[in-house]
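Subject: Structure handover and notes

Dear colleague,

Please find the structure below, together with its sequence. My notes on it follow, with the cut-off for each term given where the term is first used.

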Amino acid sequence: MGYMDYIILGVYLVAVTVLGIFSRQKERTRTDFYLAGRSMGWIPIGLSVMVTAFSVVNYMAIPTEVFANGSYVLISLPIFFLSAFLVSRLWLPRLYRMQLSSVYSFFQERFDSRVRILASSVFIIWRVFWMATALYAAGMLLSKISHTNIYLIILIAGLAATLYTGIGGMRAVMWTDCLQFAVLFGGIIIALVLVLAAQGWDDFFATAAGDGKFMPFYPFDPGFFSLDPHLRIGFFSGVIGVTVAFLTRYGADQVVVQRYLTARSLADAQRGIWLNAAAAFIALLLLALFGVAIYVKAVAAGVVPAGGLNLTPVAQRKLLAVQQLVAAISNLPAGVYGLVVSGLLAATMSSIDSGINACSNAWENDIHPLFTGKAATATGLGRYSTLGFGIICTLLGLLLVPLVGYTKSLFVIVNQIVNALGSPLLALFIAGIYCRGVTAAGAFWGGVCGFVFSVLFSLTYNGLALHYYAVVNLIVTLFCIITVSMVYKIIRGDTVFK
């Protein structure tokens with residue numbers, strides 16, 4: 001990195017921290033700290049949701065997946081709009097009318113305190129793991145690009161996000177997310193344009209199509225519609241699995257749902273969901289094109305033999321994809337290089353600030369009061385717990401550096417493990433909203449069994465279609481919840497399907 005790149009990176013870090021601190025307003029209640037006083041419009045809500053669900057994991061996973069395996073991942077793009085329709089019409093009106101601070105307060109009203117604590121605990125474990133993974137991915141990629149120590153990068157990203165989130169609360173998180181959205185999008189678009197400009201459109205499309213980088217769409221892959229559950233990515237596993245993963249993210253994840261609850265009206269929250277769908281669609285499509293462009297660039301440079309990548313072993317393809325992504329970014333002009341690095345940091349910090357704020361909210365609203373019998377003020381426990389979660393996630397990100405190898409790509413980790421571990425939360429919401437016969441005991445013990453199964457299954461079983469892990473975890477958890485509820489009713493002598 002040159003002086004110009006360091007200046008741009010420094011300006012970004014100072015700007016996002018200052019914006020976060022000065023966007024703070026005087027908080028009188030927890031609603032002010034965690035929900036920005038329910039005063040946000042649909043534009044900051046939509047952009048904040050988009051960058052919250054986005055991270056450097058996506059920035060790295062999507063291009064390298066397309067580089068190595070083609071455009072099969074694009075089956076997820078239409079699901080953004082399907083999920084937006086389902087959540088905005090079926091989920092959000094009910095949750096918004098309840099005027100909750102933590103979405104898991106719903107389980108207190110529907111079941112009892114045990115289920116509420118379980119749901120919040122599952123969420124916190126899931127999100128802490130996700131944030132540590134995002135920090136590790138950012139450190140790994142940025143250390144290769146900028147030749148900066150990986151531990152230093154993780155510390156800067158984690159602690160900077162913790163600082164302005166602890167000071168400014170949700171309002172700081174959402175306005176810094178808007179800035180991070182601009183930096184992130186700007187970096188993606190400029191990098192893509194520069195890489196494409198160096199290739200020539202005719203060579204770009206001819207090479208990419210000839211080597212299968214647009215498959216399964218062009219040339220068409222008939223095997224894409226196979227019902228084989230072991231097919232890595234297929235039409236049916238993609239549609240069903242991504243729908244489950246997105247419904248979990250946009251309907252059962254406190255990080256995302258908390259943004260809907262900041263809206264000044266239900267209509268603003270619903271418009272924000274649709275804006276998020278459109279922005280996420282464009283961002284992932286651009287990243288996929290970036291992966292194709294990097295591949296074509298590698299072929300032109302002789303790094304990859306034309307048509308020969310599919311014959312190389314999977315592990316070698318993954319390593320080569322990461323190397324070419326790093327090379328493509330590293331060779332960008334001065335200034336643009338710094339902007340892209342800032343975009344990578346923006347993608348990471350937007351996930352961390354949102355995650356630690358939501359984890360703090362879940363802890364303060366759902367777990368702490370039920371153990372202590374009293375609620376803390378936003379300026380007390382809220383700030384300390386935000387600081388605590390930020391430090392925990394940063395330390396775990398540092399710990400992953402010596403522990404994580406390259407046995408799995410980030411794309412596999414995200415879909416097989418991270419996304420799949422949210423399914424028990426979606427199962428609890430489906431059971432609570434739509435299954436009237438489910439009991440509190442069934443929700444609690446069935447939820448525990450489903451979460452334990454999900455962890456063991458996602459971590460130990462390999463070979464299933466990547467997007468089916470979330471589906472299996474959802475079905476098993478629902479089965480456990482309903483079965484345990486029926487057993488409890490039989491033991492008590494109640495009507496089973498009452």
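I begin with helix α9 (residues 201-210), in which Phe 204, Ala 208 and Ala 209 are buried, where buried means under 20% relative accessible area, exposed means over 50% and partly exposed lies in between, with a 1.4 Å probe and protein chains only. Viewed along the axis of α9, the buried residues fall within an arc of 105°, so they line one face of the helix; the arc is taken over the directions from the helix axis to the C-beta atoms. The face turned away from that buried side carries the exposed residues Asp 202, Ala 206 and Gly 210. The buried residues of α9 pack against α8 (150-197) and α12, contact being defined as heavy atoms within 4.5 Å.

Please keep in mind that this is a predicted model, in which local features need pLDDT of at least 70 and side-chain atom pairs count only at pLDDT 80 or more, while totals for chains, interfaces and linings use all residues. Residues are numbered from 1 along each chain as its sequence is written, and side-chain values use heavy atoms, with hydrogens and water left out.

The stretch after α9 deserves a look at its backbone. Gly 212, which follows α9, has a positive phi, near 80°. Pro 219 lies in the loop between α9 and α10, and the bond from Tyr 218 to Pro 219 is cis, with omega near -10°. As background, most residues other than glycine have a negative phi, and most peptide bonds are trans.

Leaving aside its neighbours within four places in sequence, Met 50 is in contact with several residues, among them Phe 181, Phe 185 and Asn 276.

Grid points are joined across faces, edges and corners, and a volume is the space filled by probe spheres set on the points.

The structure holds 1 cavity of 30 Å³ or more. The largest cavity contains about 410 Å³ of space and is lined by 29 residues, of which Asn 58, Phe 246, Arg 249, Val 414 and Asn 419 lie nearest its centre. Its lining has 20 nonpolar, 7 polar and 2 charged residues, where Ala, Val, Leu, Ile, Met, Phe, Trp, Tyr, Cys and Pro count as nonpolar, Asp, Glu, Lys and Arg as charged, and the others, Gly among them, as polar. The largest share of that lining, 5 residues, comes from α10.

The second largest pocket holds about 260 Å³ of space, and of its 17 lining residues, Asn 69, Gly 70, Tyr 72, Asp 221 and Arg 317 lie nearest its centre. By class, this pocket is lined by 6 nonpolar, 5 polar and 6 charged residues, and the largest share of the lining, 3 residues, comes from helix α4 (residues 56-69).

Two single residues complete the notes. Ile 62 lies in helix α4 and is buried, with a relative accessible area of 7%; the C-alpha atoms of Ile 62 and Leu 287, 225 residues apart along the chain, are separated by 6.2 Å. Gly 442, in helix α18 (residues 440-460), is buried at a relative accessible area of 0%, and apart from residues up to four places away in sequence Gly 442 touches Gly 447, Ile 481, Val 484 and Ser 485.

With best regards

Note on methods: On a 1 Å grid over the protein atoms alone, a cavity is a set of points where a 1.4 Å probe fits but cannot get out, and a pocket is an open set with protein on both sides within 12 Å along at least five of seven lines; lining residues have an atom within 4 Å of a point. Helices (H or I, at least four residues) and strands (E, at least two) are DSSP runs, numbered from the N terminus.
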